[in-house]
Amino acid sequence: MFEWELHEAKELIMQVGNVNYEILVRKQGEAVYAAFCPQLDLIVRGTAHEQVENRMKELIIEHVAKQTEGKAEAQTEGTAETKSA
């Protein structure tokens, strides 16, 4: 037979630019929390709700910054190639 336990869960939406990122935070046991962002397929584990929530927010911001950086570099490279041609 299966036994089911109800665990504390919280769903947040973090908007960065015009994109919404979903953050799901669950309590898994006495002092184990996990945060999941399905759009980026990221999971963070820790011992406190705020800890995993804040870390996930940091990871989302880092992801967006890297994407923005990559787009800027690609545009700069494209402009340089056009000028040298």
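Which residue in strand 4 is the bridge partner of Cys37? Keep that one in mind while we walk through the fold; bear in mind, too, that what you're looking at is a predicted model.

Let's begin with the parts list.

The four strands make an open sheet, lined up in the order 1-2-3-4, with antiparallel pairing. Strand 1, covering 9-16, and strand 4, covering 42-46, sit at the edges; each has a single partner strand, so one side of each is left without a neighbour in the sheet. On average, neighbouring strands here are turned by 20 degrees against each other, ignoring direction. As for what holds such an arrangement together, strands of a sheet pair through backbone hydrogen bonds, in either a parallel or an antiparallel way.

Strand 3 spans residues 33-37 and runs antiparallel to strand 4, with five bridges joining the two. Within that pairing, the partner of Cys37 in strand 4 turns out to be Leu42.

Finally, step back to the whole chain. Of the 85 residues in the protein, 22% are buried. The accessible surface comes to about 6700 Å², and carbon and sulfur atoms account for 52% of that. Among the contacts with a separation of 6 or more, 19% are between residues 24 or more positions apart.

Notes
Residues are numbered from 1 along each chain as its sequence is written. This is a predicted model: local features need pLDDT of at least 70, side-chain atom pairs count only at pLDDT 80 or more; totals for chains, interfaces and linings use all residues. Side-chain values use heavy atoms; hydrogens and water are left out. Buried means under 20% relative accessible area, exposed over 50%, partly exposed in between (1.4 Å probe, protein chains only). Contact means heavy atoms within 4.5 Å. Accessible areas come from the Shrake-Rupley method with a 1.4 Å probe; for residues, only the protein chains shown count as cover. Two strands pair if DSSP finds at least two bridges between them. Axes are lines fitted to C-alpha atoms, for helices over the stretch in contact, and angles run from 0 to 180 degrees between N-to-C directions.
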